[in-house]
Amino acid sequence: MSSERRITIQKILRKGLSFYEENGLLKFTVIAPEYVEVKNSNLSLVLPHQDNGSYQSLDECFGTMYPKPECEIKYIIDAGAHIGFFSIANVCRLASCEEVIAIEPDPDNIELLKHNVSQIPGVRVVPGALSTSEYPVQFERANSNTGHIAGSPGHSDTGDTIHVESLSLLELLPATWNEEQTWIKLDIEGAEYGVFDDLLSSDFRPAAISAELHDYFGNSGKDIVQRLRDEGYSVTVEGSGERGNVCRQITATKR
């Protein structure tokens, strides 16, 4: 393992050490030139060895970026599931969690996503991209956690495009799910604006929403936050910088 990668891992462990220790995710092993295994006595998580985005995702999902809702959560939508760390972390944290729908558009991530979540109960992987389109969408492939629908706010064309299935959030939500026990996470690289429009135009009001709003000032990030507050959510907004393409991480909980 390179010294740079070792420093990255040490930084991750220091930042989220208490949660890592609680879950035993402290053993990192290079299992092939392309992959690293992170394991404890129950789980064996695999991530690409040289992909900084995967280490970032591990840090975010097993760290403090996504506060656990105070209410009982039984159902989770993990949109932009990447290789499964948010789904896994929160099935571990939430003893009440029964079902997770993990949505991922990038075919390069789906094999690892399926491997990683296969070790925990109740997670269903759905290939495709959340979108408001009725037709397959053009997906710009990029680093593992930054692929995006063509034309999405905050992103430029990569020149490496494929078509993926367009998925409607409202159509994916099972009729049996209780909104007061549902947590929706959106990390979908700019497509969140259309998805929020659909969600807030419906009657479904999940107990908690965690989302990254891309190009927050260049688009309607502040409007989304205000609409959520008008609908009775307490919303926190985190992030820095006000120039250029900056993101904000929002956490919304029903009052």
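Start at lysine 254: at 34% relative accessibility, this residue counts as partly exposed. The cut-offs are these: buried is under 20% relative accessible area, exposed is over 50%, and partly exposed lies in between, with a 1.4 Å probe and protein chains only. Before I go on, the ground rules. This is a predicted model: local features need pLDDT of at least 70, side-chain atom pairs count only at pLDDT 80 or more, and totals for chains, interfaces and linings use all residues. Residues are numbered from 1 along each chain as its sequence is written, and side-chain values use heavy atoms, with hydrogens and water left out.

Now, the partner. Lysine 254 forms a salt bridge with glutamate 179, and the closest N and O atoms are 3.7 Å apart. The pair links distant parts of the chain, 75 residues apart: lysine 254 is in strand β15, glutamate 179 in the loop between α6 and β12. A salt bridge here is a side-chain nitrogen of Lys or Arg within 4 Å of a carboxyl oxygen of Asp or Glu. Helices (H or I, at least four residues) and strands (E, at least two) are DSSP runs, numbered from the N terminus. Glutamate 179 is partly exposed too, at 23% relative accessibility.

How many salt bridges does a search of the whole structure find? Six. Here are two others.

Lysine 185 pairs with aspartate 78, with closest N and O atoms 2.7 Å apart. Lysine 185 lies in strand β12 (residues 182-186) and aspartate 78 in strand β4 (residues 75-79), so this bridge ties together parts 107 residues apart in sequence. Buried or exposed? Lysine 185 counts as buried, at 3% relative accessibility. Aspartate 78 is buried as well, at 0%.

Next, glutamate 231 and arginine 205. This salt bridge has its closest N and O atoms 3.2 Å apart. Glutamate 231 sits in the loop between α8 (221-230) and β14 (233-238), arginine 205 in the loop between α7 and β13 (208-213), so the pair ties together parts that are 26 residues apart in sequence. Glutamate 231 is partly exposed, with a relative accessible area of 41%. Arginine 205 counts as buried, at 11%.

Back to β15. Glutamine 249 lies in this strand, which covers residues 248-254. Its relative accessible area is 9%, so glutamine 249 is buried. What does glutamine 249 touch, not counting residues up to four places away in sequence? Met65, Tyr66, Ser210, Ala211, Glu212, Thr236, Val237 and Glu238. Contact means heavy atoms within 4.5 Å.

Now the whole chain. The chain has eight helices and 15 strands. Of its 255 residues, 53% count as buried. Among contacts between residues at least 6 apart in sequence, 62% join residues at least 24 apart.

The structure holds one cavity of 30 Å³ or more. A cavity is a set of points, on a 1 Å grid over the protein atoms alone, where a 1.4 Å probe fits but cannot get out; lining residues have an atom within 4 Å of a point. The lining of the largest cavity consists of Ser131, Ser168, Leu169, Leu170, Val195 and Asp198. Helices α6 (169-172) and α7 (192-200) each supply at least two residues of that lining.

Notes:
On a 1 Å grid over the protein atoms alone, a cavity is a set of points where a 1.4 Å probe fits but cannot get out, and a pocket is an open set with protein on both sides within 12 Å along at least five of seven lines; lining residues have an atom within 4 Å of a point. Grid points are joined across faces, edges and corners, and a volume is the space filled by probe spheres set on the points.
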